[in-house]
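Q: Can you walk me through this model, and say what stands behind each label you use?

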Amino acid sequence: METPAGKGDSGIAGWLADRMPANGLMFVVAIVAIVLAAVLGTPAGVVVGVFLVAAAAIVPTSRRREKAQIAARALEKTSLGGLSPQNLAEAVGDPLVIFDRQGATVHANAAARKAFGDLPAGMSLLLKFRAPELQDLIQSVLTGQAGEKAVDYVERVPLERVYRVVGASVGEQTGLFLLTFRDQSEARRVDRMRADFIANASHELRTPLASISGFIETLRGPARNDAKARDQFLQIMQDQTARMARLIDDLLSLSRLEMKALPPAGRPVDLQAVVEAVLDALTPLARESGVEVKRDFGHERMQVAGDRDELFQVFENLLENACKYGQSGGRLIVSIRPSASVPGEAEVAVTDFGPGIPAEHIPRITERFYRVDVETSRSRKGTGLGLAIVKHILTRHHSRLSIRSEPGKGATFTAHLPTVRRRN
Amino acid sequence: MPQDHIVRAYDEELKYLSRRVAAMGGQAERLVDRAVTALVKSDMRLAAEVIKDDAVLDDAQRDIDEKAIVLIARRQPLADDLREIIGAIRISADLERVGDLGKNLAKRVAPVSEVRQPVSLFRGLQGLSELALTQLKDVLDIYATRAIGRIALTRDRDGEIDAMYTSLFRELLTYMMEDPRNISPCTHLLFCAKNIERIGDHATNIVETIHYMVTGEVMPPEREKTDTSHKVVAEVPARS
Ligand SMILES: Nc1ncnc2c1ncn2[C@@H]1O[C@H](COP(=O)(O)OP(=O)(O)OP(=O)(O)O)[C@@H](O)[C@H]1O
Ligand SMILES: [Mg+2]
């Protein structure tokens, strides 16, 4: 990509190179421009971006920076009234990775670290972004073919995410390159949600519908004049419609969760406070089921990054299950403590003393609609989505669920959550 | 500085090898993902593509082997470098097997689609393959970052994969007992589940190789499990 301005006008270039602040400014502006172009995705943005990159390119960097670390240091030096490119990159909401000629990471912003895990300076991007289309993108950006390239990148596990990835070089002489990721999961998931919703809902609604239509038939036929039977049947029908309504609510809540992007870093959530709030809300259910709740909270208050309402849902589902299915045990224990094996992790465990779960079902009960005993679950007004929601929320919070149970003695559901250091 | 130049070229050759392994890993991940999708959606066209694409992994393995052998012969590497090269050979062999298993999954798409299968079965298969793919991804991420501290997590997941496989196995058996017409397609599904489980095993082999590459030592065997309970995601220390 040669531009008239860039054709080795050593006079101007030399003049500019003498003015490091100007160089830095240009560099910052170039990054902003590319990010803007990537984020906005408008032709105007791209034009402005390319123009500014070209402008930045007329400033040749005196040294060739071979090593990522050197480049990182150089990046640090460049400043705009205290605003370093790092600060700027951090402030960008989309994942953004700056890398050098060797394909080694120079800087990955907070959004990138959050989305893809640790990307330490010096690590080869080609080792981390292995998807064939990203390999091609990085290679072609590195070999400097044309200005800007974009591909769609789908990450399947642990959460499905779809990104529009744009790769570009930061000027021609900086030896630095940039990848930006725009999350498009939402748009893609809306389509899938529709299909999934229909498939799941139709499957699960068929049973209650069949039963209702059976009762209607009976009411119009054999039971036409039987007042007692009529009342009883109407009651069953009412229960069934209530069940369908609940099912639809749960399905919608799961679908909505799957659609939402990752939860914002937000304010730290105090685990004990959330659990207390859930226990408050569930007091009636606990009383009704005749279970006594014992709290086993350590001295240490622990906080996690995430969405309070979603975490509320997690503990609500676990405690509700413990009341419903562990009723016969008469008591539950809720504990919050730091993990003994993984530093920086908190464990919230809900233990009941009910019938427990047979080993062969444990790996499956977080699947949608999976119930150990369909009849018991139905009679407890279960839809089989609670644990699927729990698992999904925990995955979104980089957390895990573990289940252990000894049949006949009860079950323990434990959420393992990474904690954040408390700011004083 | 010719000496320096030689060192740099050697470095570059080593880096090429690890990049090639990572790229091959990416292709293996993609192949398995597509094979499972083809299976769940009964997509014969996708299955045919997957079967064809397996050749890419065979080529990659051959290339890595050749480059590694040339490196060993020419540079006579020692210690760390030698382990790095041996590691590349071993990992690419595992990845090539992963590709074969993916191809085998794709080959079963047609016979499995002959009879309509219960939805819950496919959810189970999907769950199993999600675990196996997450395992593969984590393992290859460890290869990229050399963060062997994360190995413990992959070990736990290994147990989950086994538990899930056992559960699916039982479910399939019940379908076969219910209706003899299910026997043929369910047998194929049984093999599919087995193949996916074995993909997890190869991921575990790779973890062991990485551990060896980084530390020079063989990974210590897993500590004995103290009870028989199953884990869904990770092990929790027993408490009373
Ligand atoms: N504490 C427990 N003890 C024994 N079995 C349990 C326990 N928790 C869950 N289960 C089993 O796991 C199944 C799935 O639970 P999940 O919470 O996903 O669904 P549900 O309770 O049936 O419905 P929902 O929570 O959507 O109203 C339950 O049907 C039940 O069989
Ligand atoms: Mg529930």
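Q: What makes helix 1 (residues 10–17) of chain A the lowest-confidence element in chain A?
A: Its mean pLDDT (the predictor's confidence in each residue, from 0 to 100) is 40, the lowest in chain A, while strand 9 (residues 331–338) of chain A is highest at 96. Helices here are DSSP runs of H or I with at least four residues, and strands are runs of E with at least two, numbered from the N terminus. Over residues 1–26 of chain A the pLDDT is below 50, and this stretch has 19 contacts (heavy atoms within 4.5 Å) beyond near neighbours in sequence.

Q: What ground rules apply here?
A: This is a predicted model, so local features need pLDDT of at least 70 and side-chain atom pairs count only at pLDDT 80 or more, while totals for chains, interfaces and linings use all residues. Residues are numbered from 1 along each chain as its sequence is written, chains are lettered from A and ligands numbered from 1 in the order written, and side-chain values use heavy atoms, with hydrogens and water left out.

Q: How confident is the predictor in chain A on average?
A: The average pLDDT is 79, with 74% of the residues of chain A scoring at least 70. Residues 40–65 of chain A stay under 50, though the model has 41 contacts for them beyond four places in sequence.

Q: Which residues touch the most other members of the largest nonpolar core?
A: B:I91, B:L125 and B:L128 do, out of 64 residues. Such a core is a set of buried Ala, Val, Leu, Ile, Met, Phe, Trp, Tyr and Cys residues joined through side-chain atoms within 4.5 Å; buried means under 20% relative accessible area, exposed over 50%, partly exposed in between (1.4 Å probe, protein chains only). B:I91 touches B:V21, B:Y143, B:I206, B:T209, B:I210 and B:M213, leaving out residues up to four places away in sequence.

Q: What makes up chain B?
A: Chain B has 7 helices and 0 strands, and 51% of its 240 residues are buried.
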